[in-house]
Amino acid sequence: MAERMMIIGGVGGKRTEINASMAVRHGMIAGATGTGKTITLQTLAENFSRMGVPVFMADVKGDLSGLAEAGVEHPKITERLAWMDVSGFRGAGCPTLFWDLEGKNGHPVRTTISEMGPLLLANALELTESQTGLLYTCFRVADDQGLLLLDLKDLRAMIKYVSDNARELGKEYGLISAVSAGAVARQLLILEEQGAEQFFGEPALAISDLMIKDFSGNGVINILDATKLISASPRLYSIFLLWLLSELYESLPEAGEVELPKLVFFFDEAHLLFDQAPKALLEKIEQLVRLIRSKGVGIFFVSQSPLDVPEDVLGQLGMKIQHALRAFTPKDRKTVKAVAQSFPENPDVDVEEAITGLAVGEALVSSLDRSGKPTPVQRIFIRPPESRMGPLDVKEKEEKISRSPLKGKYDTAIDAESAHEVLLKKAEEKAMAEEKAREELERQEEEQKAEKAASQPKGRGRQRQGAGEAFIKSAARSIGSQLGRSIVKAALGKSISRGLLGSILGGLGK
Ligand SMILES: Nc1ncnc2c1ncn2[C@@H]1O[C@H](COP(=O)(O)OP(=O)(O)OP(=O)(O)O)[C@@H](O)[C@H]1O
Ligand SMILES: [Mg+2]
């Protein structure tokens, strides 16, 4: 297989190239604040794009939109490029698509509750074990009854339904605690307040829309505006990205050995993914990172310290780009030592000393060679991007968004008939049936009274009452079966599967 080399920087008149196919072995960009992580991410992303590889990134600080516009030439940049043995500066932007969970600064990104699945949701809602159990019950009951869980309204309705029918459902699904149901509903409110409402529903994001190339064969760079989300709900941010990874894993075919990755994913503020994640979830993340490689997807974690990433994940990362770290406190110095030890040795580079002395844009780099062996660590300068360093202004961004090829596809939410609507109808029908039955009973009682007054019938009242009870039961049965049919119809053609969460992430708690 041909090697596709990517120039990422250089030093002293010599360029540094990495084998682009090795991106599927994943990577890490680390460094203290202001040391050049974002620019490195930008340089890598635009190089992947020019090679025809689509890219997805979460824009945490709002400084990545510049990828869409050409950078301007500067004598210092030209000089640095020459020094890296990279021929001349060519200002050029990349094809970009903007996404935004809120739908304001890009296409809205949505998924359904059932696609998200109980494990990730339980994590997003920070549920306890028994509350998680209740959530799993909601999913199972919905599945068994053919109720679609699309948005938060559906989940709320389902929790209420399960709780209202705890006694009946408990026979099949085990103890259902009203206290847990109340707690889950309260947590759901918090998530709603954090802006999750728009995120759940339809039309759900099609993964293929993140893997587009433009007419010239450049990979499209998908930029997710995460500026608000990250402060409002860091948990939702990480859960969303994890869901995205699992969807990618689920929907992409096995890729085998690839010349180039199918998609490269940049995970900024990566520590948020791991902070406080329960052990079960961490294990699943590690598993996902390991498995997704076979689908040709590369993941780059971006964080201040590589130690933000759990050891089992860190051990899987083929490419390491380490910008400067500070060593002010004893804890800092410990980190520096540990990070230095994680690099493959090079007798020409004193890694521990270099880490604290790197200039802005300078980094220690180790990658993998063709056979997958780590290359000796090198101290280089990262190549400045050809796109703009710094964000687009509001007008420029609006203009890009207005020309999006996906315009109109996701912009308006669809509220299909799902659990909320069906359960509402069910409750209304039940109330109506009860009302009717009550009226019938009253009528019968009136009749009885009238009959009693006319003569002296024996024991009839009791029998009549029995007939009234039978009516309620039969009414409920017929509603049940009609409803059943309409649910099946509503569910036709729609997947109620839970994506990977049913397979990879779904094994938990079952
Ligand atoms: N490779 C580079 N070539 C030229 N200039 C660079 C390079 N890397 C960084 N810079 C300069 O340094 C500034 C800070 O870099 P950057 O925003 O990438 O830091 P960061 O590590 O992402 O910081 P933070 O942690 O605050 O997000 C950039 O705006 C740019 O001016
Ligand atoms: Mg940054």
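Biologist: How do the residues of the shell around ligand 1 divide into nonpolar, polar and charged?

Modeller: This is a predicted model, where local features need pLDDT of at least 70, side-chain atom pairs count only at pLDDT 80 or more, and totals for chains, interfaces and linings use all residues. Residues are numbered from 1 along each chain as its sequence is written, while chains are lettered from A and ligands numbered from 1 in the order in which they are written. Ala, Val, Leu, Ile, Met, Phe, Trp, Tyr, Cys and Pro count as nonpolar, Asp, Glu, Lys and Arg as charged, and the others, Gly among them, as polar. On that basis the shell holds two charged, seven polar and five nonpolar residues.

Biologist: Which helix gives the most to that shell?

Modeller: Helices are DSSP runs (H or I, at least four residues), numbered from the N terminus. With three residues in the shell around ligand 1, the top giver is helix H1 (residues 37–50).

Biologist: Is Arg-140 buried, exposed or partly exposed?

Modeller: Arg-140 sits in helix H4 (residues 129–144). A residue is buried if 20 or more other C-beta atoms, placed from the backbone, lie within 10 Å of its own, exposed if 12 or fewer, and partly exposed in between. Because Arg-140 has 16 other C-beta atoms within 10 Å, this residue is partly exposed.

Biologist: At what angle do H4 and helix H7 (residues 178–196) pack?

Modeller: Axes are lines fitted to C-alpha atoms, for helices over the stretch in contact, and angles run from 0 to 180 degrees between N-to-C directions. The axes of H4 and H7 are 9 Å apart, and the angle is about 85°.

Conventions: Helix = DSSP H or I, 4+ residues; strand = E, 2+ residues; numbered from the N terminus.
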